[in-house]
Amino acid sequence: MNLKQFTSVVLVCAFACVLIGAYHATTLKNALLPPINKPLLLLVTKWQGKGAEEIEQTLIAPLEQQLKSIKGVTRVKTSVGTGSAATKLYFPYDADMDKMYLEVLSQINQVPNWPTEVSPPRVINQASGANSTLASAMLYSERGASKEDFIRVMTNLIEPELTKIAGIARLEKAFNDTEQRVDIAFEPQRLADFGLTTETVVYALRNLKDQSGDRLTIGSRDYTLHFNGQVTLQELKELPVAVQQGHVVRLGELAKIEVKPINQWGYASFQGHRAFYFTMEPIPNVDAMATIAQIKEVFASLNDDVLKKQGMHISLSRDDSKSIQQALNQVYGNLLLGVLLACGLLIFFFRNMNAVTLIFLAVPVCLSLVVMGMKLGNYSLNVISLAGMALSVGLLLDAAIIVIDNIFRHLKSGVSLDRAIAVGTKEVSGAIISSTLSSIIIFVPIIMMQSAEAQLFIDLAFTISSALVASVLVALVVLPAAARKLMHGKSLAQTEQTQQHSQWVNLFTLPARKKPLGLGLLVLCVPAAITASYWLAPNFDVLPSPNQNAVDAIVIFNEPLTHEVAEQRIASKIYERIDTAMRNGKAPAFDRYGMFCNTGMCQLYFYPREEGQFKTFYSWINDEILHDLSGTQHYIMPGKLLRFALPDNRVIELHLKGDTLDNLQQAGRDILSYLQDKYPDAKITEDSPLYNRVSRIEFTPKKENLIHLGLTPAQLNAKLVALTDGSYVGHFFASGKALPMYLKGKEINSIEALMNTEIAIPGHGLIPVHHLADVSMSLAPAELLRVNGETTVALEIEPPEGAAIGEFLAIIKQDISNYIKDYGNQNIYFGYMGSADNLAEFLQEFIQLLIISVITLTVLMWLTLKSWRMAIAVVMSLPLAAFGGMLALVIIDMVDSQNLDIITMIGFIILFGLVINNAILLVSQFQRSLSEGLSQQQAIVQAVTLRRRPIYMSTGTSILGMLPLMLIPGEGAEIYRGLAAVIVGGMTLSALLSLSFMSALLSQSVFAKKEKEVAEPALSTTA
């Protein structure tokens, strides 16, 4: 088809694409990483006031038994604590999570004997990115505020504004729960004085709500029936409970009525002030940067208006948007720098600005087409997709270079411009399409990968594949049209230096003429390269762990503390030291800091004012702030950029099972001590309690006394529950809310006072508790862990900073296995979760991917070249590139830690797709030359002569396009640095040795015979 007549139309369409692409680039979502969907459902079960053992026996065991009937569940993990439990259901990566979600809801409704006062578990589908956190915030007051004030402001002023933001799915307030309960706190002695039982009070409190009846017909009219039963909190005090000697006993005489948070609050503070902490959970595929910007706008509006009137202030406690934007800007800058470096290389080769301008017209047009594709596919701009764009610069220039170079050659030979464009484009179209197809096909296995971490590469595969398709369209359609406007044959001077070029060709083809040299090169570039790649391979890792400009400190309590004691004994002391250091000018400069505390630990964080200050902060925190906090141990580490996007991506869980809880805890303590001594730089802590640290009062019923009083142990239990944390009465309806209501005794200061408390027993008068039960003190675990229905004890292991998961995991697994074997308890067995599972799954999938990729490339080469021998020759160029990639990783590792992580491994797949294009160009020309009657040596020389220039230009632009990503440091650079190093190293070594290697390979006798089926003319070029 003659496109000459459509030149103007083509150029106008290309310009329109650039404008549309530029517009859509401003509307694409921005995020640090692509969304990672994990096949996981979380079930949250709450039973206020109940201990872990009762929740396990009454709720969790029946629930897990019911959930066993769901097909596809690979693992069930439940953590049971006081008042609540969290159950995680793991599914295969290809599971239909919407279907599983509905199935789980159905099974929950079928759990037998579920207590009526307990709400069904709340199911959270974490398969669509719901497990990540968008941002966290602190609401605080410099003059102090009560819990009621925080709840009122949060519920009435802040939550309604934040829920209007489209990118926020929900607010998570588990740390400071705004749910409330009504406590009817009675005085046991007052109850005894009136001779009343708790059952009498409970009866009076039931059904305090409006009720309705059926219709009543009076005359010709029907009336609905309504019974007023709802009362206000003030009216509740006047509620009649009983009549004693003509006196109406009202609830206010017996008890104090108060509304308080349903769960105890953790301690949170910001800039030294007590705060209300909450997180914002995103919708799937959220535009993180735009949503955080909206959140900041809402915060600013609230702070200037309603919060100012309340004496409060709200702020993002940990603002990662700056770090994310810096990481994105880093890639933007590297992308631009790569383009400029590639431009310089092409100017060196062409020495003609018109030709270089034509080639670089491909960049904005192709990138615009890529952006339009990303918009249609609902992809985001993130460090992975942007790294793909940076890599694509070299790829999309490849096709443009081949077309323009071929047109350039024809113009130099003296033909007309129109004929040079037509012939030059037609000659290379087949080779461009086939090489582009091979590069695209290499990404098909990547898209087929299903592990959670592999989802990172879908954006990369899409970006590069769409860039390759765009490059073909632009090179074969847009550039010929543009060439008619910019190229002029008369302006092209002969600049090639034939003699010098012949010297280079002689050098590259020397191994083809010198057999010993050729054989040595073949050995060096195939078996030796494979062996060296294996030995040079860095240690395996799951994902990079890029640091950000933040410092985290974890303080772990040796014994559990109440929230109040944690605040007084730990948090207050830390803040006092920080404040003293700040006033004395001894504290390093930071913009903000905050802290969270629960019953087991405190977490302190700082945002330094300047970058690169971690060592300074480490020394200050370790020596001045946390050095002598008794009963604690602490860890100080740099903040991690991926902690919200990929939490716990470097954590290994060790699970011990098979014996009683006491024996498992003892084994866990022994292993923990052993591992901490052997790996002092690793962070190794208990993930489930190894000690029974929770003080517990145990009541043992005196059954003979109970039988004489007509009581059962269950009835006694109900009375004791009412005396302590409270027994559930029902829901109290007020102001449109249904608050759970509990009848409970007022706080008792001693066990002796509790045992002497008298309980009214109908027909028997007042009976003290010590007559009904014996009491003893014991210790219980703060939490119970169940994995697949078995009692489990777990340790959490995090490798030392910079250490690779793979090597560390292999060593520590062997140590643990030997330790368990020699431990002496044959009942105990162990397993792993977390990064251990992730790495094993990915490595298995990656090896399969690598095999599929090589087979796919080989078959594609056979289809292209019509020869298995030529196809194998092309594939044999890959070990040399792999060795170059490994060598680059080793060099980078000498300067800064660089492991062979998942993203870096994918770089090898991309590298193979790039390097093989050069081999295709060389082998296809060699094959064509043979078909034209040239000898084997002549065919090799002609192939190198004609292919050397486009190969070096396309390889050079690819290398320079990725070089800034490899060399320039910055926040988030570790994410893509390994991938860039693999491509730069592999292509560089390939550029240096591939022509000589292919010459040596093609000079072997197996390639001497002319093929019966030769390459079609469309597959060759005569550039």
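The structure is a predicted model, and its chain averages a pLDDT of 84, with 94% of the residues scoring at least 70.

| Stretch | pLDDT | Contacts |
|---|---|---|
| Residues 490-500 | below 50 | nine contacts |
| Residues 1011-1023 | below 50 | 42 contacts |

Where pLDDT is low, the predicted coordinates should not be read in detail.

The largest nonpolar core holds 179 residues, of which Val383, Met487 and Ile910 touch the most other members. Helix 13, which spans residues 383-412, supplies the largest share of this core, namely 20 residues. Leaving aside residues up to four places away in sequence, Val383 touches partners that include Ala31, Leu32, Leu33, Ala327 and Leu328, as well as Ile975 and Tyr976. Another core, of 42 residues, lies apart from the largest one and has Val182, Leu720, Ala722 and Phe732 among its members.

Turning to the cysteines, the structure holds one disulfide, which joins Cys597 to Cys602 with an S to S distance of 1.9 Å. Both Cys597 and Cys602 are buried, and the disulfide is right-handed because the torsion about its S-S bond is about 110 degrees. The sulfur of Cys17, by contrast, has its closest cysteine sulfur in Cys13 at 6.8 Å, which is too far for a bond. Cys366 is likewise in no disulfide, since the nearest cysteine sulfur, that of Cys17, is 10 Å away, and Cys366 counts as buried because its relative accessibility is 0%.

Conventions
Residues are numbered from 1 along each chain as its sequence is written. This is a predicted model: local features need pLDDT of at least 70, side-chain atom pairs count only at pLDDT 80 or more; totals for chains, interfaces and linings use all residues. Side-chain values use heavy atoms; hydrogens and water are left out. pLDDT is the predictor's confidence in each residue, from 0 to 100. Contact means heavy atoms within 4.5 Å. A nonpolar core is a set of buried Ala, Val, Leu, Ile, Met, Phe, Trp, Tyr and Cys residues joined through side-chain atoms within 4.5 Å. Buried means under 20% relative accessible area, exposed over 50%, partly exposed in between (1.4 Å probe, protein chains only). Helices (H or I, at least four residues) and strands (E, at least two) are DSSP runs, numbered from the N terminus. A disulfide is a pair of cysteine sulfur atoms within 2.5 Å.
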